[in-house]
Structure formats: C-alpha cells, structure tokens
Amino acid sequence: MPRPLWSGAISFGLVTIPVKLMSATEDRSVRFHQVHAEDLGRVRVRKFCEAEDREVSAAEIGKGFEVSKDTLVAITDEELEQMPLPTAKAIEIVAFVPAASIDPVRLSGDSYFLQYDGQVAAKPYALIARALARNTKVAVAKLAWHGRERLVLLRVRDGALVAHVLKWDDEVRDPSELAPKETKVTDSEIDEALQLVDSMTTDDISGYQDEYRKALEAVIEAKAEGRQPPKPSTEDKEPGGKVVDLMAALQESVRKAQASRGEDAGDAEVHEMPKKPAARKPAKKTPDKKTAKKTAAAKKPARRQRGA
C-alpha cells in the first residue's frame, strides 16, 4: 500500500474511528517529457517572480487570492489548516442514502482506501463496514482536505472502507438541452435495444485492458531498439459508408454479441435503407381524334393542280 495522504477520524454519531487515507488507484498512463525536437534537450518550466524578475524556488512560493485587479491577499497553509471547520480533521458522516440514488456523474474519479489507525479503532471500523455491507445504503460524508471541503461517498469493498470524492450539486451542469427533441422511437426498436443490452450484460469487467497503452509501449520499445514501429492492423476494420436500417442494425448487433458468447442466434440480415423512388416525369397528353386529324391535315403536302 502507498503511504497515507491524510490522517484523522471518521465521525459516526458519537463514535470516532481514527483512520488513514491512501489512494485506492494508480495511474498507469505513459508519461512524456517535453523536449526540444531538434536535439531532444529537456525543456524545463521555470517559475519567475514578476516583481523581482528572477526565478524563485518552491519554498518561496505561497498562495494568493485576487480580490481585485491590483490587490492580492496572501493565504498561508497554516491558516488553511486552522480554519474553524468540524471536518478539518474528521470525515463527518452526514447521511446514509440508497446506493442507486448517487448519480455517477457526481463521482470525480478520485478514490481512496480508509485504513483504521491503531488497534482501538479496529472494532468500530469493522462495525460500520459490516453494517454498510449488510445494507443497500452508502454513507455520505464531508472532509476538509487540500484547501477545500469535499463531499465523499463511503462504501465497503472486501471488508475495507472506500471513499469516493463527489462533486457538489452546483458543480454538475444541466444536460437537459442536449437531449434530442421530438425524436420518434418505436416500442419494437426499444425491445430490440433491450435485447442487445441483455446479450452484452456481464458480471465481470476485469478482462478489459488498455490497448492504447500497450500499442504505445510497443512503439516506444521499437524506437528504443532502433526498429520500425509496428504498422497498424487493417484486418478488423469493417467497410463503412453504408446506411443501414436501425432495426436491422440492432438485430445484427444482437447476433454478433450472442455469437461472441458461443450462443446460436441464427442468421440475421442487415438491409440497406430503402432509397427514395425517382421522381416520375409527367406523362405526355394524348391528343383527341379531332385534334389529331387537324394536325395530320396541316402536315400533309398540298397536291399540285394539272396544267400548273
């Protein structure tokens, strides 16, 4: 386990549980340095003081809030730590809510494990963990950390408490204007989409891997060894450009999903969208008999008279 990032206590009614906070995840992304493209020299970011026009060290850098264009207020780390907040050194549980009521959009992506701190904390830690494990609810708590108060969700994973940082209500934007307006979807299409959902449902997503990172590592390894990077594969690419019927596309997707699981879904056909019929040219009017006789007489050459 990594080193603790924060230490304090969980406040649960009159129960206090000393805990340590540590990161639950690790970033495995490939990192790049900024370099000068011509000679691969490292490009460094240096911090300069505008007033003295000189580079400053990390120890000389503090925090300042701009209250007006030319006025800054200095805030020290000690002042942030000594703010009169009940959550300054405690994870204060404020409510318990159904797990399904938490909108995933509010999850910030930061997750932390909570480790009990000392043998005295073991029993109350196990008590709240097992109580949450037997319930469908999760705990919502407040925590002041890194210069701000955070809302966190507490749940149990393999007997350990996990904290997920949540966005505040006013940090989540309203997406209502993004929803399609007056779009007609039939019940049959919805049923077919639900069948596709069922055919793709699984209880385990542990087998998925970061294919982009693997491909990037292969490129870096090849270049480091003086080899040409691997070429992209075009075998799995399907020809695009065809406009297909939505229902037929759903049926084909269900067939492929079931086939990937070894299920026999039968043959499904994908039909192209029917093309609009070409505009018909207006039919020529058929002249009536009288008009036809007059036209024929006009076209007939006049007979020459004898002796002319």
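Start by selecting glutamate 60 and arginine 54: their side chains are joined by a polar contact of 2.8 Å. Keep in mind as you look around that this is a predicted model. The pair also counts as a salt bridge, with the closest N and O atoms 2.8 Å apart.

You'll find it in the loop between strand S4 (54–55) and S5. Is glutamate 60 buried, exposed or partly exposed? Its relative accessible area is 45%, so it falls in the partly exposed class. Arginine 54 is partly exposed too, at 33% relative accessibility. Now show the backbone of serine 57: its nitrogen lies 3.0 Å from a polar atom of the glutamate 60 side chain. For one more distance, pick the C-alpha atoms of glutamate 60 and cysteine 49; these residues are 11 apart along the chain, and the two atoms are separated by 9.8 Å.

Next, select glutamate 55 and arginine 46. They form a salt bridge as well, the closest N and O atoms being 3.6 Å apart. Glutamate 55 is partly exposed at 40%, whereas arginine 46 counts as exposed at 52%.

Now for a nonpolar stop. Which residues make the nonpolar surface patch? Select Phe65, Val67, Val73 and Ile75, and you have a patch of about 350 Å². Strand S5 (63–68) and strand S6 (71–75) each supply at least two of the patch residues. Phenylalanine 65 sits in strand S5 and counts as exposed because its relative accessibility is 55%, where exposed means over 50%.

Jump ahead to aspartate 169 and arginine 106. This salt bridge has its closest N and O atoms 2.9 Å apart. Aspartate 169 is in the loop between S11 and H3, and arginine 106 is in the loop between strand S7 (90–98) and strand S8 (107–116), so the pair ties together parts 63 residues apart in sequence. Aspartate 169 itself is exposed, at 59% relative accessibility.

Most residues other than glycine have a negative phi. Aspartate 158 is not a glycine, yet its phi is positive, at about 55°. Look for it in the loop between strand S10 (148–157) and strand S11 (160–166), where it is exposed with a relative accessible area of 77%. Then select glutamate 182, another non-glycine with a positive phi of about 55°. This one is in the loop between S11 and helix H3 (187–199), and it is exposed at 86% relative accessibility.

On to helix H4, residues 211–224. How far apart are its end C-alpha atoms? They are 20 Å apart, which agrees with the 20 Å that 14 residues should span at 1.5 Å a residue. Color Arg213, Leu216 and Ala222 to see the buried residues of H4. After the helix comes glycine 226, with a positive phi near 80°.

Finally, zoom out to the whole chain. It has six helices and 11 strands, and 19% of its 308 residues count as buried. A search of the whole structure finds 13 salt bridges. The accessible surface comes to about 26,000 Å², and 53% of that belongs to carbon and sulfur atoms.

Conventions: Residues are numbered from 1 along each chain as its sequence is written. This is a predicted model: local features need pLDDT of at least 70, side-chain atom pairs count only at pLDDT 80 or more; totals for chains, interfaces and linings use all residues. Side-chain values use heavy atoms; hydrogens and water are left out. Helices (H or I, at least four residues) and strands (E, at least two) are DSSP runs, numbered from the N terminus. The expected span of a helix is 1.5 Å times one less than its number of residues. Buried means under 20% relative accessible area, exposed over 50%, partly exposed in between (1.4 Å probe, protein chains only). Patches are made of residues with over 30% relative accessible area and no salt bridge: like charges are joined within 9 Å, nonpolar side chains (Val, Leu, Ile, Met, Phe, Trp, Tyr) within 5 Å. Accessible areas come from the Shrake-Rupley method with a 1.4 Å probe; for residues, only the protein chains shown count as cover. A salt bridge is a side-chain nitrogen of Lys or Arg within 4 Å of a carboxyl oxygen of Asp or Glu. A polar contact is a pair of N or O atoms within 3.5 Å; within protein, one must be able to donate a hydrogen and the other to accept it, and residues adjacent in sequence count only if both atoms are side-chain atoms.
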